[in-house]
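Here is a short tour in questions and answers. Take a look at the model before reading on.

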Amino acid sequence: MQTVQPRSLPLRLPRVRPGGVLPILAILAVLLVLVAIRQPDFLAPSSLMSFLGRSAPIILLAAGQYFVIVSGEFDLSVGSLVTAQVVVAARLIDGDPARTWPVVLLLLAFGAVVGLVNGLITTRLRVPSFITTLGMFLILVGAVYLWSDGAPKGQLSEEFRRFGRRAVEDVPLLGRVPYALMVLVVLAVAAVLLMRSDFGRTLVAVGDNPRTAELSGVRVWRTRTIAFILSGLAAAVAAILLGGYSGVSFQAGAGLEFGAITAVVLGGVALGGGRGAVVGAMLGALTLELLFALMNFYGVSGALRSTVQGAIILLAVAVSATRSSSR
Amino acid sequence: MSDPRPAPLLTLRGIGKSFLGVRVLDGVDLDVAPGEVHAVVGENGAGKSTLMKIVSGGYAPDGGTVELAGEPRVFRGPRDAQRAGIGIIHQEFNLLPGRTVAENVYLGHEPVRRGFVDRREMLDRTARLLASIGETALPADARVGRLGVAQQQVVEIAKALALDARLLIMDEPTAALADHEVELLYGLVRRLQERGIGLLYVSHRLTEVFDLSSRITVLKDGRRVTTVDTATTTADELVRHMVGRELSSYYPERAAPEDLGPVRLTVRDAGNRKLRDVDLQLRAGEVLGIGGLQGSGRSALARALFGVSPFTTGDVTLDGRPVRLRSPRTAMRAGIAYVTEDRKGEGIVPRQSVLDNALLASRAVFAARSGRAARTVRVRELLAAVEVRGAGDDQEIRFLSGGNQQKVVLARWLALNPRILLFDEPTRGIDVGAKSAIHDLVRRLARDGAAVLMISSDLPELLGMSDRIVVMRDGRIAGELPASASEEDVVALAVGTVREAAA
Amino acid sequence: MSALSLLPARRPVPGVFVALTLTLVIGWLVVLVDGGQLFNQSTTVSLLHVAAGLGLVAVGQTLVILGGSLDLSVAYVISLSTLVAAETMNGSDGALMPAIGLALAVSAAVGLLNGLLVTKFRVNAFIATLGVGLLLKGYLDSGYDGPAGTTSPTLVQTLGYQRIGPVPLSFLLLVAVTGAAWFALSRTRFGHHLVAVGGDPEVARLSGVRNDRVLVTAHVLCSLCAGLAGIYLASRLGSGAPRVGTEGLYDLESIAAVVIGGTALAGGRGGVIGTVGGVLLLASIDAIFNQLEVDAFFKQVIRGVIIIAAVAVYARRAMRKAA
Amino acid sequence: MAALAAVTLLSLAACATDEPAASPSGSASAAAGSGTGDQSKFFVQADYDAELGLLDAAATGPADKPWEQVLNPTMVDTAKFKKNGPHKICFSNAALNNPWRQVGFKTMQAEVEAQKSRIKEFVHVDAEGKDQKQIADINDLLGKGCDALIVSPNTTATLTPAVEAACQAGLPVVVFDRGVNTKCPVTFINPIGGYGFGHVGAEFVSQKMKPGGKVLALRILPGVDVLETRWSAAKVAFDKAKVDVVGVEFTDGDPAKTKKIVDDYIQRYGTIDGVWMDAGAVAVAAVEAFQDAGKRVPPMNGEDQLDFLKIWKDKNLTAIAPTYPTYQWRTPIIAALRILDGEQVSNPWKLPQPTITQDNLDRYLDPNMPPLHYAMCGCTDLPGYPQRWK
């Protein structure tokens, strides 16, 4: 036994292991340099703050999506959920400031319930989450149009819109600090702490090998359902910020699910689960938003924008995929 | 079989392979003659699997040459190697459960007529092939997912034969087989030899190696230690080459009668879909061995006790109190731990760190009870205690050897201070060194008062480790044997008077 | 070993056809009560036309899903193909064959790109085809601000509007393509290998299957099917339409049809016959709701429920079988 | 399986085709572009000239009912469609997926209700924005014994064959909103159109802003003909006024995206001196972007959606709202009934297209209506007002 040699395995390398945040930081840095060349004043505190504020909803959605993806599932329903939330909020508040807080609570509950339903259908009825949440997407879009007769009704109160639109003024050094940014920072820290907690580690383990997790006493269905609920809650918060930022419309959440999934993948998280960091996912979302802003600065024609976006996503993912599998 | 050999079928010269700068094979020479069984032995991680993958086209070597019938070959993939006449039977089955036997056997080289797959021809050929190895009862159009393990192996072998392989690689072919099935395999191997097929035979089971092979090559740390004629060597010598240690120190001392504590677990008249009329007692301080054929209900018993597929009838009492073990969680709360037989599929979370793997169960079940920091400290201590080697706690577990992975799994359960431990093939596919470490650990746990139930297909291990042996057959307990029982006793009970199929 | 376990592998009739029959019977009754007629000629023709368009895409989608992949770019391939075909034809019959050839070639090239990204560059299929879809979207958005080109009159007359009784030519095309795909899956090496790759890529690889080549082929075929759907739509619309694919939600609807038809999203299990059942089911629901003038949004809700319910039923069956 | 069997049983020996006679398609004459990019191929100089002419034309018809008015009428005979009522009127609708179409459709339904003595059945089929489905829908409706068919095409070119097939079936076809490339419908109803809309907005913006200033053009989507003509007319106006159009961006009608784009442009250029947009859906978001950046809101155009009218009045903006009136949804019902009576109708039926300016803003701003309601609905006299539109 004493002769068993400790075999040094191929891992004593710098920590650029798959699932790390280093690649996305590198991409982000490159984009920042490009921004700095073209639009130096973008990096001034005030405009940076407002940029971060307006990016908060998609970053939160990416975090929510991360929980689901790292546990081995998908959530395609978040975009429609955001739309539904904004439309519901407008109709229920109908301009009445007194209804703001009850409706905010209601939205959070609504998000949690949609996540719960997604989770239970996926885990208990064994429907692949791609299908569950695709179905939920259709149901939510259909239902919210049906409920509002095809056009959003009512309006959001100023109190409601404050979270997404207003800022704390005259902060030393930083200038205006949007409320959305503060919400983002608090929730991002919470997300990071959550992923370091027992639940977070268990969540990743479930995504990595659900059988092992089950046999180690993890209630896999419960863990994954919680991930869906977290995604629903993130969508609720994103909806509150987004509704605040831009007001009510049926376009509020359109395409956000693909944006969020793209961001998560860009952040080095493996589709299929078991690998990646929540910080990576959030940085991925930030990178995407920065990319869009950059295209505005460089005057990339609106129509060509999706080409650029597609090319960058493919490039980033292909490069990291081929590198991580070079073994 | 040690007559002057004909010109070698396969010759490996100076094979080397590195992954990310780490040498896993270094200058390995080896040759196989037609009709020869050449065994390759060595600890896990000695480089056997990598070597087999190089021969079968899975990897390209960094250095050295592969010659087939005197011709140097470079395989660009498994397909190339297959075309050249090299077949491989893997330790884990490479079959598609959703497809038929014939579709599996001819996957990758389906018979075609005028460009289209000729299904009739495929079925006929498969049936003929199966008949030629004595398996007439297996229909060629049965879906593989519905077959038993042994039958699946037959399909696997038929698959290799269908390629007209000149050289067959068998990687732990008996790992999943019951003993009487091993006999069938022996017959099969001899028939292959008669056809002039060369075999590379990789196994941990020295009995088989001695029964079948004409020469044995020992690998250690990626290098060839020696190649010996089987007739002129002994098991002791072989193990010395592998690890440098005598066979005799294999098993720790059994429990003395005074070490045995009170009855921990009682199972009365219990059953479920796979089990009937199970009566069992397990005492603190004892190691109860469970023998039997694959599919006899051994694993089903462990899974029922752990709440994975619970008993549907009968009673279970724990320390005198009746319990319902409905799920792994309830079992864990009752102080039961379960080390599964399928380590890769059910034992580890491959891409998580050693530490996370070891903490998995404590986090899942006792999250609220103990302090996080204290728990982590304790698990780190346990990892040190079980002597996980060659890796830091932050290393992803998939890069560890099988033995070290198993130690991490053990640490995971020890962290829960279990009073009852269920081991299902705890040393399968594990190198000799780690194996005996695990044996020591099991015994130590029993000595410290745990009740241990250990399932093993490895008869020497079962006899060497157990204080008492219960043998199962067809979902029932066939009988109980004392520690002094012989291998023959176990087999007799396991097989029963009438030989019947395992599934 | 019980005799039962050795029954030959017979595939059961996909449940989707039971659902389809029920839907049609119930729909027919409800429409009858409502005072309408579900199976009159014009309704049947419309239903089959809708089914033909979606069906062509869905059959292709079945191939990639069987192989364990996915194609989210089909909607853009369809649009692109309508444009290539209609612009090349430019209203004349002379360029008919070259135009069809070119449209299919362009589609195949996109499929090739998808396939290479998924295999050689190991990009997850979801992301790869989404990315390629975005590339195409950019091209379509910047290159076209509306319908362009004119489809050859002959093609419009034949593929677009010709029918035999209530069966449009295009539906016969779907039947032919489905037949070809079915044949390819059960009677060619490619088909066997594709199912193997989808079932367990490692097993396939170790059995000497060239996984990459098989998957690339599946992607090319999928895009070809989408291209064919584009040519059909061009013949139906009379011109190339840069947004017809996305407006029709052909990406998500084709995936929905595939899974309703009983093909496992993870790959390795299912087939094109079920997919056509799924397509017909979706088209029938459309037709019934049209007859009843049900709100489109309500229909969407129902559709979501059906997709989930169908797959839940398959999952239950699989669980029972496993138990 | 059952469906396949049914289809096979039903199949007849005879071959049939629904294909209409070949149709001439419109040709486009493009004007040269400038800094605003190439001119859209949708731009047709003759149509442009005609529409701009119509802006000043006098309408015939009751002054208080602009939906019954016609600009430059050219009457056509409809005696052959005369039929005794009550009628079954069928409507193939492109989509109901935006507030404009919702308001319009409610207006149409109210008009049907107002005429219920003469309409025994109103069949509505929603194509959900899919060309392919609308073609099938029209084909489907032809088998239902409709007395008249109203079509609001999803896309001009692609729906032409289907509309032609409908004409050949012998029933009167009324097309409105978007047109088709065929003269076969009895009448084509729409307001003056995109050129008028785009021109009015662009002229206002270029006149009100400081000379040589920077204009940002916000568009919803490429490729929608109504929107393309609006932009092409605006482009002509901006080019003529030598305005510096610093960006032409697509917003997808998404307010969040709009705000981000406007924000980035303010960032990039310091100030933006005028905003033109091809539809009012994101007008409020654009205004908010300036407010949130602490900038004065520059001269801009919106549309007749109430949220924009309200912010215009509240914030005292320099603004204008050209409209594409939703009251045009009433006209097809009226036209269909007239045709079935054998009365002459104008083809084309050009409706006036009023513009909301600072002067008449108060007349259109009804604070009690929902924010996404369109002021120019012409629906105040219809049954169910205002509840139906809330």
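Q: What ipTM does the predictor give the complex?
A: This is a predicted model, so confidence comes first. The predictor reports a pTM of 0.87 for the complex. Alongside that pTM stands an ipTM of 0.85.

Q: Which pair of chains has the most contacts?
A: In the model, 5 pairs of chains touch. Chain B and chain D do not touch, since their nearest C-alpha atoms are 25 Å apart. The most contacts are between chains C and D.

Q: Which element gives the largest share of the side of chain D that touches chain C?
A: The contact takes 45 residues from chain D and 48 residues from chain C. Elements of chain D that each supply at least two residues include helix H1 (2-10), strand S6 (119-126) and helix H4 (131-142). On this side of chain D, 20 residues are nonpolar, 13 polar and 12 charged. The largest share is 9 residues, and it comes from H4(D).

Q: Why are the buried residues of H2(D) on the same side?
A: Helix H2 (residues 45-55) of chain D has Tyr48(D), Glu51(D) and Leu54(D) as its buried residues. They lie on the same side of H2(D) because, around the axis, they cover an arc of only 125°.

Q: Which exposed residues sit on the face of H2(D) turned away from its buried side?
A: The buried residues of H2(D) pack against strand S3 (70-71), helix H6 (194-208), helix H7 (225-240) and strand S16 (349-351) of chain D. The face turned away from that buried side carries exposed residues. They are Ala46(D) and Asp49(D).

Q: Which residues are in contact with Ala286(D), leaving aside its neighbours within four places in sequence?
A: Ala286(D) is among the residues with the most contacts inside the largest nonpolar core. Its neighbours within four places in sequence are left aside here. The contacts are Leu218(D), Thr258(D), Val262(D), Val275(D), Met277(D) and Met300(D).

Methods: Residues numbered from 1 in each chain as written. Chains lettered and ligands numbered in written order. Predicted model: local features only at pLDDT ≥ 70, side-chain atom pairs only at ≥ 80, totals over all residues. Buried ≥ 20, exposed ≤ 12 C-beta atoms within 10 Å, placed from the backbone. Helix = DSSP H or I, 4+ residues; strand = E, 2+ residues; numbered from the N terminus. Arc of directions from axis to C-beta. Contact = placed C-beta atoms within 7 Å. Nonpolar A, V, L, I, M, F, W, Y, C, P; charged D, E, K, R; others polar. Core = buried A, V, L, I, M, F, W, Y, C linked by C-beta atoms within 7 Å.
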